[in-house]
Amino acid sequence: MKTKYFMAFFCIYAFFASISEGKIEINSDYPGGNIIVEKIDQEKDTVYLRQDLRGSKPWWFYWNFKAKNIGGKTVKFKFVNQAKPWRLIDAFGPAISTDGGKTWKWQNPQEQPAVDEFFYTAPEGVNEVRFSYCIPYLFSDLESFSKEFEGKNGFKLRPLCKTRQGRQNVCIALNESPAKKKPRVFLTSRHHACEATGSYVLEGFMRELFSDSAEGKALREAAEYFIIPMVDLDGVENGDQGKNRAPHDHGRDYIDNPIYPSVAAAKEKLLEWEKQGGTDIIIDFHSPFVGERPKDGRTYNDNSSIYLPGRPDATIEKQVKIFSDIIESVNTSELPFLSSDFLPYGTGWNKPSNDPNRSSLPDYATKLKGTKMSASIETPYATCRGVATSKENLKDFGRCVAKALLKYIDSIKTN
Ligand SMILES: [Zn+2]
């Protein structure tokens, strides 16, 4: 009798297990993951979902999830319950990974993707696929780079601070000297957690800085460096969009009493340098808003081209424009860079902030003595004037930014 009951139980279990095995499953339980599933219509192979704003009020567009049991199916992914009718899918469709996030490819449809939905046909046998708004760059990517470069020409990841959630944040320092002997360069990225292209460009920059090339050697001889690759490390790992997070994001935390330990550490370093003669050059690596294909086939907006925004201080803005011109002159990467895409202060989104309780790194840098040039570089998520971003070409562009910095340092020495 007992065997009979067991067999019956086993058959029922196996029946339900086989049903759930074939069902589409969605989750984001990995670093960088972000999704809310509203509904899955298993009959119609349609998934209704939305990005998880994580308590921040303003609408944003970052999402990153995996779908299981979709092999051989054509699945429709539809974003719903949006506060704004804005685009959630960039110029080349979703970024797709079929190897658990190691490699990514843009879906790259022939035409402008729909604003809020895409279809994907998974090959038979490929049952787990990751989809992301952009090609992610996580702490594990920084660690892989670090393992490759550890000890090379002075490269070393060092502790910076503990994050609010207890993670160990890191920095890189080179040629530290209390007696200021060389120009000082302060580099940051991920003030906004989802802005992954900034990390690839900064990694490319570091690849040149610590390389055996003639430019790498000259860069190391030319300046002192302090680098914070992931200011909002918690946000990067949690898969937060991070931009405009409540009560304010890391990029607006350069106030008297910063609420984020990494910004407090960044300020501490800048103040230490301030007492020792000042910081000469600041470069903050960002990504802009959602990009798209040009409606007329040729006019790219500022979310679809790499550019540097101008600064409120006219003297600093002039230097940023000079740096922008140099980047164009040395850029040999696949990604186009036109210095005419420079966004002068007072134009487009680049207007005065009317919130006296917030201060950005460039605002703060303007108050420090010695700041000659304080640039941000905005690198689009997907399309740079029609060329699709990849891990490789973003890093190549970063190497060119490093070479441009070398020329820029030479220019300020001779002036
Ligand atoms: Zn940003």
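The model is predicted. In helix α6, the residues Ser 262, Val 263, Ala 266, Leu 270 and Trp 273 are buried. Viewed down the axis of α6, these buried residues fall within an arc of 100 degrees, and therefore they line one face of the helix. The face turned away from the buried side of α6 carries Leu 271 and Lys 275, which are exposed.

The length of α6 can be checked against its residue count. The helix comprises 15 residues, 261-275, and at 1.5 Å a residue it should span 21 Å; the C-alpha atoms at its ends are 21 Å apart, so the two values agree. After α6 comes Gly 277, with a positive phi near 110 degrees.

| Element | Residues |
|---|---|
| β10 | 158-162 |
| β11 | 168-174 |
| β12 | 184-189 |
| β13 | 224-228 |
| α5 | 233-238 |

At the level of the whole chain, the domain assignment of the protein gives domain 1 as 23-132 and domain 2 as 139-414. Taken over C-alpha atoms, the centres of domain 1 and domain 2 are separated by 29 Å. Contact between them involves 23 residues of domain 1 and 20 residues of domain 2. On the side of domain 1 that touches domain 2, the residues divide by class into 10 nonpolar, 9 polar and 4 charged.

How values were computed:
Residues numbered from 1 in each chain as written. Predicted model: local features only at pLDDT ≥ 70, side-chain atom pairs only at ≥ 80, totals over all residues. Domains from an automatic or database assignment. Contact = placed C-beta atoms within 7 Å. Nonpolar A, V, L, I, M, F, W, Y, C, P; charged D, E, K, R; others polar. Helix = DSSP H or I, 4+ residues; strand = E, 2+ residues; numbered from the N terminus. Expected span 1.5 Å × (residues − 1). Buried ≥ 20, exposed ≤ 12 C-beta atoms within 10 Å, placed from the backbone. Arc of directions from axis to C-beta.
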